[in-house]
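Subject: Handover of a structure and the findings from it

Dear colleague,

Please find the structure below, together with its sequence.

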Amino acid sequence: MQAQLSNQDPNSSVGNDVKSANKKTKGNTFFDWKTFRQNRLGMLSLFVIVFFVLLAVFAHWIMPHDPLSQDILNKFQGISKEHWLGTDLNGRDVLSRIIFGTRISLIVAFCTVLLGATVGFAVGIIAGYKGGLVDDILMRIMDAIMTFPLILFALMLLMVLGNGVTTLVIIISIGMIPGCARIARGATLDIKDSEFVKAALSMGSSHLRIVLTHILPNILASLLVVLTMNMSLVIMVEAGLSFLGVGISPPTPTWGNMIRDGFTYITTKPSLALYPGIALTILVIALNLFGDALRDSVDPHIKRQKK
Amino acid sequence: MLEQAIKTEPLLTVNHLKKHYPMKKDLFGKKNEVVKAVDGVSFTVYKGETFSIVGESGCGKTTTGMCLNRLIEPTSGDVLFEGENVVTYSHKQMKKIYRNMQIIFQDPYSSLNPKFTIQRIISEPLVINRYGSKSDIRDRVRALLELVGLRPEYMNRYPHELSGGQKQRVGIARALALNPKLIICDEPVSALDVSIQAQIVNLLKDLQEQLGLTYIFISHDLSVVELISDRIAVMYLGKIVEQGTRDEIFNNPQHPYTKVLLSSIPVADPKAKKNRERIILKGDMPSPKNPPKGCHFHTRCPFTTEICVESYPEHTSVTSTHSVACHHYKSLSS
Amino acid sequence: MGALLEVKNLRVGRGKKEEFMGILEDVSFEVYEGETLGIVGESGCGKSMTALTIMGLLSKNLSVESGAVYFNGTDLTKLSTTELNQIRGKDISMIFQEPMTSLNPAFTIGNQLAEVFKHHGNYSKKEIREKSIEILTKVRIPDPEEKLKSYPHELSGGMRQRVMIAMALACKPKIVIADEPTTALDVTIQAQILDLLNELQSDLNMAVMFITHDLGVVAETCQRMIVMYAGQVIEEGTVEEVFEHPSHPYTRGLMLSSPRLGSKVKRLKTIEGVVPDLDNMPKGCRFAPRCEFATDICYEQAPLFEKISTSRGVRCWNKL
C-alpha cells in the first residue's frame with residue numbers, strides 16, 4: 001500500500017521522473033558514447049584513425065627499411081617479400097616511406113589544427129562575445145585572410161622562412177583561422193544570449209569567467225567536430241602543397257611529395273603515386289566519417305531539452 | 001502585507017527609465033528609427049511587498065526588469081536601490097548590488113547551464129562572491145534545496161534530468177543563494193503547466209513570508225498577478241498607463257486599456273460568460289518603432305477623442321496609491 | 001443525433017508488436033455537428049497527438065495500433081494518403097498553435113490560400129482570387145487585397161493566426177480542429193480570435209474541436225469537454241456539468257490549481273508530483289500516485305471509462 005504523499009513533496013511520485021527520465025543519457029552531457037558505438041561507420045573510422053596514429057608513433061619500430069636509404073640498382077621493383085609495396089625511383093622502400101609519411105602528415109595536421117584552431121576559436125569567441133566594434137574589426141581581418149590566396153601566401157612565406165615542417169604548419173594554420181573563427185563566433189552568438197549567461201552576469205560573474213565556464217563548455221562539442229573535419233582538410237592541403245613543391249621536399253617522404261614524384265611515372269609505374277594516394281584517401285575519409293559520427297553523438301541533451 | 005509595506009522604506013525607486021534601441025542608420029550615420037522599448041517609466045517598490053508589472057508582449061515589462069540590474073543598459077533615467085543610483089555603476093561595482101538584487105528567469109529550460117550539475121548551478125553565486133569554504137558552500141546548497149522543496153540527491157543531477165517545475169525550483173534556489181533583499185521574477189511561471197504553476201506560485205509566496213523578500217513580479221497573466229501582488233503597474237507600449245494596489249486595479253480599473261485587459265481574460269466559469277461585457281479591441285498593438293503620437297493607446301481605444309491624439313496624458317492621482325495616465329478617466333468611470 | 005466524428009478506443013504509440021509502447025490508450029469521444037468540444041489537459045497528456053491522429057499527421061515513428069476514427073462512416077486511420085487528402089483541408093481542417101511555423105515563410109498569403117482552393121476544386125484564377133478575398137474579409141483582415149501579396153513575416157501574430165483560420169475555413173469544412181490556436185497570442189488578441197471563431201462557427205455551422213490547457217477558454221467557448229491525462233480520456237461532460245461538479249480527482253485538482261480571476265482564494269491548491277513518464281506508467285490508474293483519494297484498487301487495476309449519464313463519463317474508481 002502506497003504511503004500517503006506528503007503535501008509539499010514535488011520529488012515523490014511513482015515513476016519518479018528523475019530516475020526514469022533519459023535513462024540513456026544520465027550524467028555528463030558532453031558525449032553520448034552509446035549512440036556513437038551504434039554508429040558502425042563511426043567506430044570503423046575511429047579504428048582506422050587509431051591505426052594510423054599507431055603507425056606514426058611506432059614508425060621507427062615498424063618500418064621494415066630505412067625510408068631514406070637508396071638502392072638504385074633495385075629501383076622500380078614490384079611487390080616482393082623484401083619490399084611489400086615495391087621500391088620507388090631511387091630504390092627506396094615504398095612501404096617504409098608511406099609509414100614515415102604518416103608520421104609527417106599526422107604531425108603537421110595535429111600541430112596545424114592545434115595552432116590554427118586555438119587562435120581561430122579564440123578570435124571567434126572574442127568577436128562573438130564582445131560584439132560591436134571588436135567583432136567588426138576581427139571579422140574583417142578574418143575576411144582579409146580568407147580572400148588572400150593561400151598558395152601565394154605560402155610561396156611568399158617560403159621565400160622568407162624556407163622549406164620545412166614549421167613553415168608548412170604556419171601557412172596552413174593561418175589558412176585555417178578564419179573558418180574556425182567563423183564557426184566559433186556563430187556558436188558563441190547562440191549561447192551568449194542564453195538565460196543562464198544572463199543569470200551568471202546577474203550574480204556578478206566576470207566576463208572571462210562566463211566565457212570559460214559557461215560559453216566554452218557549451219560550444220566545445222561543435223568546435224570539436226569542426227576540429228576533426230579540419231584535420232582531414234589539413235592533410236589534403238599539406239599533400240597538395242607538397243605536391244606543388246611547396247613545403248617538405250624529398251628525400252623526406254610525405255604522401256604529397258611521394259605522389260608528386262610518382263606522378264612522373266604515372267603511366268609506367270602507377271603504383272608509385274597510387275599507394276600513397278590510397279593511404280591519403282583512406283585517412284581523409286576516416287576523419288570525415290569520424291567527424292560525422294561525432295556530430296551525431298555530441299550534445300545529446302540539447303535536442304531533447306526543448307519542450 | 002501591504003500595510004506593512006507602506007510603512008516601510010522604499011527599497012527601489014525608478015525614475016523616468018528609458019531604453020531606446022536605435023535602428024538602421026542612414027548613410028550619414030544618422031539614426032532613422034528608434035525602438036522605444038521603455039519610454040519613461042517611474043515607480044517605487046517598498047520593502048516586503050510584491051510589485052507586479054503587467055502587460056502584453058512588446059509593452060516593455062521584461063526590458064524594464066532587466067534594466068533594473070543592468071542586464072540591459074538603460075538609455076537614461078535613474079534606478080535607486082537602497083538610495084544608491086546604480087545606473088552608472090561599473091560591472092565591478094554592481095557586484096556588490098547583485099548580492100541584494102537577484103533575478104528568476106522565465107524559461108526553466110534555458111536558464112540553467114546544461115553542463116553544470118545542480119550543485120554547481122546553485123553554488124555559483126556563492127563561489128563568485130566568496131561565500132566561504134567548500135563545505136560551507138555545500139551546506140548552504142543543501143539548505144537551499146530543502147528550502148525550495150527538492151531533496152539533496154538532486155545536487156548531482158543535471159538539468160536535463162529534471163522536470164520544468166523542478167528546474168524552476170533550482171532557479172529559485174540559485175536566486176536565494178546570496179540572501180538577496182529583492183528578487184525580480186521575470187514571468188517565472190509562464191512556461192509551466194497550470195498545476196505546476198500553482199506549486200511554484202505557492203512556493204514563492206511561502207518564501208516571501210519566511211525570508212522577508214521583496215518581489216518585482218513581471219507577468220502577462222493577470223490571474224496569477226491577482227493572486228500574488230500587493231501593487232501593480234500596467235504597461236502599454238513602453239509606458240505605465242496605470243498604477244495602484246491590487247484591489248484598486250482589479251476592482252476599480254481606470255484606464256481603458258486596463259479595463260480591456262481585465263475583460264479579455266477568459267474566466268473558468270461557464271456561468272460567468274453570460275454576464276460578461278467584453279470589450280474587444282480592434283487591430284494590433286502598434287510597433288514600438290513608431291509609437292503613436294499623443295496617448296499611445298489612442299489608435300485602439302474605443303473612447304479616443306482629439307486630445308488623445310494630440311497630447312500624452314500625464315499621470316494623475318485617483319487616490320494616494322492609485323494613478324492613471326488618461327485624459328478621460330474621470331468621465332469613463334461610472 | 002449521429003456523431004459527425006467518432007473516435008473509438010484509439011490506441012496510438014511507438015514501436016512495433018512486442019516493443020509497442022502505447023502513448024494514447026483507449027481514447028474515445030464524439031463530435032457532433034455544429035458544437036464546440038473542448039479537449040483539456042496539460043502538456044504530455046496526448047491531446048495534440050489525438051488531433052494529429054485524426055488528421056493522419058502522426059510522425060513516422062508513431063502508429064495507430066488499434067481503434068478507429070469514424071468520419072461519415074469511413075475509418076480515417078485506414079485510408080491511404082490520397083484518400084485522406086480528399087478529406088483533409090476540405091471536410092476536416094486544422095488550425096495550429098504557432099502561426100509562424102505553420103505558414104510557409106517563403107510564399108505569400110495569396111499563394112498559400114490559393115493552394116487550398118486549387119487542391120479541393122476546379123476554380124479559375126479569378127474565382128480563387130475572389131474566394132481568397134472573401135475568406136480574408138470574413139476573418140476580419142483589413143485590406144485583404146493588399147494582404148494577398150504579403151509574406152507571413154510581414155504580419156503580426158494575430159494576423160497570421162487569422163490567415164491560418166482563413167486557410168482552414170476556405171473550403172467550409174464540417175469540423176475544424178483547433179490545436180491551442182491562441183496560446184501563443186496576447187490576451188487581448190486571444191479575445192479577438194475567440195470572438196471571431198465564435199462568429200464563424202455559427203455562420204458556417206461547423207463543429208470545432210478546441211484543444212487547450214486553459215480552463216478559462218474552455219469555459220467560454222465550448223459546450224462539451226473532455227479531460228485528458230497521460231494519454232487517456234478521464235472525464236467527459238458538458239462544460240457546465242464538469243465545472244460545477246468535476247468527477248475525476250485530476251479534473252478537480254486542475255480546477256483548483258488554476259488561478260481564477262476574481263476569486264478570493266489566497267492560496268492555490270496544487271496537485272503533487274508530476275506526470276508519469278511513458279516508460280514508467282503506473283500499473284493501475286495512471287493518476288493514482290498523485291491522487292489524494294486513491295484507494296487500494298486504484299493502484300491495482302486500471303479503471304475503465306464509464307458513462308454515468310448520456311453526456312457524462314469518467315474513468316475513476318472513486319468518482320467524486
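Which residue is the bridge partner of Val176(C) in S8(C)? It is Val208(C).

Before the remaining findings, please note the conventions. The model is predicted: local features need pLDDT of at least 70, side-chain atom pairs count only at pLDDT 80 or more, and totals for chains, interfaces and linings use all residues. Residues are numbered from 1 along each chain as its sequence is written, while chains are lettered from A and ligands numbered from 1 in the order in which they are written.

Strand S8 of chain C

Helices (H or I, at least four residues) and strands (E, at least two) are DSSP runs, numbered from the N terminus. Two strands pair if DSSP finds at least two bridges between them. Strand S7 (residues 175–179) of chain C runs parallel to S8(C) and is joined to it by 5 bridges. Strand S3 (residues 36–40) of chain C is likewise parallel to S8(C), with 5 bridges, and here Thr36(C) stands opposite Val208(C).

A residue is called buried if 20 or more other C-beta atoms, placed from the backbone, lie within 10 Å of its own. Since 6 of the 6 residues of S8(C) (residues 207–212) are buried, this strand is largely enclosed by the rest of the structure. In a regular strand, side chains alternate between the two faces of the sheet. In S8(C), Ala207(C), Met209(C) and Ile211(C) point one way, whereas Val208(C), Phe210(C) and Thr212(C) point the other way.

Chain B and its side towards chain C

In chain B, 8 strands form an open sheet of mixed pairing, in the order S6-S7-S8-S3-S9-S10-S12-S11. Its edge strands, S6 (101–104) and S11 (316–317), each pair on one side only. Strands S3 (residues 50–54) and S9 (residues 231–236) of chain B run parallel and are joined by 4 bridges; Val54(B) has Val234(B) as its bridge partner in S9(B).

Two residues are in contact if their C-beta atoms, placed from the backbone, lie within 7 Å. On this basis, 31 residues of chain B are in contact with 35 residues of chain C. On the side of chain B that touches chain C, H7(B) gives the most, with 6 residues.

Chain A has 13 helices and 0 strands, and buried residues make up 41% of its 307 residues.

Axes are lines fitted to C-alpha atoms, for helices over the stretch in contact, and angles run from 0 to 180 degrees between N-to-C directions. The axes of H6 (residues 132–147) and H8 (residues 165–192) of chain A come within 9 Å and cross at roughly 135°. H6(A) and H8(A) are therefore oblique to each other. Angles under 35 degrees count as roughly parallel, over 145 as roughly antiparallel, 65 to 115 as roughly perpendicular and the rest as oblique. In this contact, Met142(A), Ile145(A) and Met146(A) of H6(A) meet residues of H8(A) including Ile174(A) and Arg182(A).

H5 (residues 94–130) and H12 (residues 271–297) of chain A pack at an angle of about 30°, with their axes 10 Å apart. That makes H5(A) roughly parallel to H12(A). Here Val94(A), Ile98(A) and Gly101(A) of H5(A) meet Tyr275(A), Pro276(A) and Ala279(A) of H12(A).

Yours sincerely

How values were computed:
Buried ≥ 20, exposed ≤ 12 C-beta atoms within 10 Å, placed from the backbone.
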